[in-house]
Amino acid sequence: MTQRPRLSVIGTGYLGATHAVCMVELGYEVIGLDVDQAKIEALRAGRIPFFEPGLPELLAKHIDSGRLRFTTDYAEVAEFADVHFVCVGTPQQKGQYAADLTYVESAFAALAKHLTRKVLVVGKSTVPAGTAVRMAELLTELAPNMGVELAWNPEFLREGFAVEDTLRPDRLVFGVHSEWAEQTIRSAFAPVIEAGTPVIVTDFATAELVKVAANSFLATKISFINAMAEVCEATGADVTQLADAIGHDVRIGRKFLNAGLGFGGGCLPKDIRAFIARAGELGVDQAVSFLRDVDEINLRRRARTVELGLDLNDGSYRGTQVAVLGAAFKPNSDDVRDSPALDVAAAIGRRGADVRLYDPEANANARRLHPELTYADSLDEAVSGADLVMLLTEWQEFRSMDPEIIGNKVRKRNVVDGRNVLDPVEWRGAGWIYRSLGRP
Ligand SMILES: NC(=O)c1ccc[n+]([C@@H]2O[C@H](COP(=O)([O-])OP(=O)(O)OC[C@H]3O[C@@H](n4cnc5c(N)ncnc54)[C@H](O)[C@@H]3O)[C@@H](O)[C@H]2O)c1
C-alpha cells in the first residue's frame, strides 16, 4: 500500500460530500460517486447541494485542483481507488423500526462487481450490528480471489460543524479483522492521526455498536431533561435553572441538557429505533427497552408544543395566522428529515392555522415535504400580521430577535419559545404572552 492511498467516497450526501471534500483538504486524491446524477452534476459544478457552513469554500478551493472528481460510474471508482468509503443512507424502513439496508447492500454489490485488485472497503454508514460481517461475505462472494478486505469506521460528524468534525474529529474508530486492514485505514487517515486524534481499534461489531451507543446516549440525555421539563410544567419549576444547576456537576455536564422541542434529523431518531429493532432480533430487547421511552418523551414534546400554541390561540388554530420560525431539525443545517419544527408546523396546519413558515436555509427542503404550508422569504414576512409566533429551531437570527421590533409587526403579541432561547422577562416586559416548554 502506498503512503497516500487514493480514496473513493460512495454516496455523496451530507456525510459523503463532506468526507470527500475534507479528505482532499487533508492531501488525498479523491473520487466521489453517487447514483443521483443531479447531485453529481452540482458537485462537479462546484456546488454543495445542501447547507453546511465552510463546505462550499473548501469545494471551491479544490474543485480545479485535479485531486477531486465526481462520477456516477462504479467502474471508474473501482479502477481509481485503493480505499473505498461507503457513505450511503440507512433510513428507517417504512412502517418499521429497522434500518433499510438496501442502499448499503447495493453499493457494496455494485462496487464489488467492478473490483479487479486487492483494496480496502470501509463502511461509514450507520448500520445495525452484524451488517459488516455480511458485507465482508458479499465482497468475498462478488470479488473472489483478490483478498479484498473490509473495515468499519463509524462517523460522528455533526451537521453544522461537519467540516471541523471531519478535519479534527475527537476520535477515530476502526473496526478491522487484520493487520493489513488496520495499517491501510491508518494510512487513509494519516494526517488526522499525526495531529494526535485518539484511535480505537475494534472488531466489526464493536465499531458498529459504538455509533448507535453514542447516539442512544445523546438521545437519552435530551429526553432526560425533557422528561424533567414535563415534571417542571406540573410543579411550576423552571427546567432551564434545573439544567444549569445539575449541569455544574462534571459527572453530568451541561451539554445536551437544553430542554425544548427535542431531537430530530436523519440520525438520532432512526438510529435509536434501528437499535431497538436489532436488539429484538438479538434477543436483548430488554437491554434497550428504555429507548422506547426516550423516543416517546421526545415525540410528546411536539404534541405539547402544539398544545401551548393552542392555549395562546384560545383553543383553536382555525382562522389564525401563525408564524413558524424554523423548519430544519437544528440550526446551521437545511436538513428537515424527521424535523420536530416541521412536524409541529404541519400539525398546526392540519388544525386549520394559516402557517407562515420561515427558515434561513431549509425552506426549499421543507416545501418539498409540505407544499401545503406557506413559506416566507424573511423573518419580517413570516411575522407580519401573525396571531402567534412559534420559535421552533434556534437559529441565531431568531435568538436575537428584538421583542419590540417583532411586536410592531404582529397582530397579537403571543409567542411560544420551543427551544427556551428567548428571555421571558424581556419578552413579557414588552407585552408578550410568553410560553415555553418546562418554564413557568
Ligand atoms: N448526516 C449526518 O450528520 C451523519 C452523521 C453520521 C453518520 N451518518 C450516517 O451516514 C449515512 C449517510 O447519511 P447522510 O446523512 O449522508 O445521507 P444522505 O441521504 O444525505 O446521503 C446518502 C447518499 O447516498 C446515495 N446513494 C444511495 N444509494 C447509493 C448507491 N447504491 N450507490 C451510490 N450512492 C448511493 C444517495 O443518492 C445519497 O446522495 C447514514 O447511515 C447516516 O446514518 C450521517
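## The shell around the ligand

In this predicted model, helix α5 gives the most residues to the shell around the ligand, with a contribution of four. The shell holds 27 residues in total, and the closest to the ligand are G11, G13, L15, S125 and T126. Two elements give two or more residues to this shell: α1, which covers 14–25, and α5, which covers 102–114.

Sorted by class, the residues around the ligand are twelve nonpolar, ten polar and five charged.

## Helix α5

Helix α5 has 13 residues, and at 1.5 Å a residue these should span 18 Å. The C-alpha atoms at the ends of α5 are 19 Å apart, which agrees with that expectation.

The buried residues of α5 include V104, A107, F108, L111 and A112. They lie on the same side of α5, because they cover an arc of only 125 degrees around the axis. On the face of the helix turned away from this buried side are the exposed residues S106 and K113.

## Residue A110

A110 is another residue of helix α5. With 17 other C-beta atoms within 10 Å, A110 is partly exposed. A residue counts as buried at 20 or more such atoms and as exposed at 12 or fewer, so the count for A110 falls in between.

A110 and Y74 are 36 residues apart in sequence. In space, the C-alpha atoms of A110 and Y74 are 6.8 Å apart.

## The two domains

The protein chain is divided into domain 1, which runs over 7–202, and domain 2, which runs over 204–440. The C-alpha centres of the two domains lie 32 Å apart. The contact between them takes 27 residues from domain 1 and 25 residues from domain 2.

On the side of domain 1 that touches domain 2, the elements that give two or more residues are helix α6, at 131–142, and strand β7, at 172–175. By class, this side of domain 1 has 18 nonpolar residues, eight polar residues and one charged residue.

How values were computed
Residues numbered from 1 in each chain as written. Predicted model: local features only at pLDDT ≥ 70, side-chain atom pairs only at ≥ 80, totals over all residues. Near = placed C-beta within 6 Å. Nonpolar A, V, L, I, M, F, W, Y, C, P; charged D, E, K, R; others polar. Domains from an automatic or database assignment. Contact = placed C-beta atoms within 7 Å. Expected span 1.5 Å × (residues − 1). Arc of directions from axis to C-beta.
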